[in-house]
Amino acid sequence: MSSDASLSWTNRSVLRTGREEPYLCIQDVIVFVRDLEVSLRFYVDQLGFELIADRRQPPGAADRGLHSDRGWIEVAPPDGSANLTLVAPRPDRPEYKLIGGNRWVLFMTEDVHAKYKEWSERGVHFLSEPENPVWGGTFARFEDPDGNLFGLEGFDEVRQSLELRRQAQAEKLESERRVAQELEIAKQVQARLFPQLRPELNTVEYAGICLQARQVGGDYFDFLNLGPQRLGLIIGDVSGKGIAAALLMANLQASLRSQSALAFDQPEALLRSVNQVFYDNTSDNAFASLFFAEYDDATRRMRYANCGHLSGLLLNRDGNVVRLESTSTVLGLFKEWSCSIREQEISSGDVLALYTDGITEASNEQDEEFGERCLIEALRKHRELPCQALLSAIVDGVRRFSTQEQQDDITAIVAKFRLAE
């Protein structure tokens with residue numbers, strides 16, 4: 001056998017990709033035997049094959065003429081995709097005469113001598129010791145309990161190819177292990193980027209949540225101390241997914257936190273500066289939507305800027321909803337950028353919800369989206385719950401609605417306003 005042919009054998013044992021032709025392989029080779037139990041013990045116990053299927057007939061069924069044979073079993077060697085189907089025909093069937101003799105079935109191994117020693121010690125009968133035929137490689141013949149003859153062959157090219165494949169597989173697994181480890185570290189680092197402390201105020205209770213679709217993602221929320229009795233509520237969604245989005249998210253978070261002092265008197269200046277930093281330090285197609293809200297605990301008023309983000313929802317005590325719509329375009333796409341700041345009066349009993357599209361765009365099997373309507377219904381239904389429990393109820397509703405694998409990060413902030421204590 002030539003080197004090319006040996007390598008072709010190993011290549012065919014791997015599933016083809018990118019082919020237009022339908023998948024095609026040898027599934028079974030039929031071998032006729034007398035006693036399925038004896039054959040099962042030989043192929044499984046002595047050769048180390050695996051039992052794939054057992055379709056033996058009840059005792060006496062074949063003898064009563066109910067079946068043309070006594071059933072069959074299917075076994076397979078540890079490697080490869082082809083199986084042996086062992087069939088026990090009735091003695092009066094023509095197939096019975098095919099038991100015994102050369103089956104012209106060859107088993108490939110990387111070490112014929114080692115396999116010869118192992119099987120011989122288990123009682124397998126070889127017709128001769130391994131030999132080196134003129135056509136190359138190493139070859140030996142053995143027989144099963146019914147005298148069916150098989151070949152056992154090996155070639156240096158096959159052994160070398162298998163060693164290379166094992167090495168490549170080991171390197172692939174090690175690479176995947178390192179990537180998984182690095183992603184886990186990145187996940188832990190990103191978790192620390194989310195707010196670890198929450199400034200205490202008298203008239204508001206609040207909480208946030210981010211459930212990422214991957215180990216890391218581009219959704220962001222934050223709580224900033226903007227001065228005496230002032231709280232910043234921020235939620236954002238960076239373009240892209242995975243590691244790239246996570247890096248952009250870290251860039252955005254760092255810009256906001258490092259310049260948050262500007263928000264006390266000049267929230268517009270803060271956002272213009274954040275846009276400039278984001279624009280200068282990211283690629284042309286990178287951007288982020290952002291909702292920035294500043295709440296004054298003393299005056300019970302809220303200023304906000306919606307930079308191309310989904311509308312914030314303010315659920316009043318009477319059940320009506322005020323939509324806090326966009327006041328500017330997204331961050332990072334344009335060098336020349338400006339935004340407007342709007343004010344919103346807050347009353348006791350109001351509930352504010354900020355969220356990303358991982359909630360509203362979650363879809364069910366009918367390709368229907370959870371949408372803003374379902375989110376509002378959830379807010380109305382669960383508004384009496386504490387903030388963290390309210391967030392959990394919203395997430396549970398999204399997951400019941402969309403039972404498919406999560407496709408996007410699920411991030412939200414809720415704030416409940418009350419009378420001063």
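Visitor: Which helices each supply at least two residues of the lining of the second largest pocket?

Guide: Rolling a probe the size of a water molecule over the atoms shows where empty space is left. In this predicted model, α7 (357-360) and α9 (387-401) each supply at least two residues of that lining. Helices (H or I, at least four residues) and strands (E, at least two) are DSSP runs numbered from the N terminus. A pocket is an open set of points on a 1 Å grid over the protein atoms alone, where a 1.4 Å probe fits, with protein on both sides within 12 Å along at least five of seven lines; lining residues have an atom within 4 Å of a point.

Guide: Residues are numbered from 1 along each chain as its sequence is written, and side-chain values use heavy atoms, without hydrogens and water. As the model is predicted, local features need pLDDT of at least 70 and side-chain atom pairs count only at pLDDT 80 or more, while totals for chains, interfaces and linings use all residues.

Visitor: What is the volume of the second largest pocket, and which lining residues are the closest to its centre?

Guide: The volume is about 260 Å³, counted as the space filled by probe spheres set on the grid points, which are joined across faces, edges and corners. Of the 15 lining residues, Ala362, Ser402, Gln406, Gln407 and Asp408 are the closest to the centre. The lining divides into three nonpolar, six polar and six charged residues. Here Ala, Val, Leu, Ile, Met, Phe, Trp, Tyr, Cys and Pro count as nonpolar, Asp, Glu, Lys and Arg as charged, and the others, Gly among them, as polar.

Visitor: How many bridges join β14 and β15?

Guide: Strands of a sheet pair through backbone hydrogen bonds, either parallel or antiparallel. β14 (312-315) and β15 (321-324) pair in the antiparallel sense over four bridges. Leucine 315 has valine 321 as its partner in β15, and glycine 312 has leucine 324. The two strands form a hairpin with five residues between them, and glycine 319 in the turn has a positive phi of about 95°.

Visitor: What is the strand order β10-β11-β12-β13-β16?

Guide: That is the order of five strands in an open, antiparallel sheet. β10 (219-225) and β16 (342-345) are the edge strands. β12 (288-296) and β13 (301-307) pair over seven bridges, and phenylalanine 291 has asparagine 306 in β13 as its bridge partner. Helix α5 (242-258) lies across β10, β11 (230-238) and β12, while helix α6 (267-281) lies across β12 and β13.

Visitor: At what angle do α5 and α6 pack?

Guide: Two packed helices are described by the angle between their axes and the distance between the axes. α5 and α6 pack at about 145°, with axes 9 Å apart. Axes are lines fitted to C-alpha atoms, for helices over the stretch in contact, and angles run from 0 to 180 degrees between N-to-C directions. Leu248 and Leu252 are among the α5 residues that meet α6, where Val274 and Phe278 are among the partners. The contact residues divide into seven nonpolar, three polar and no charged.

Terms used:
Pairing = 2+ DSSP bridges. Contact = heavy atoms within 4.5 Å.
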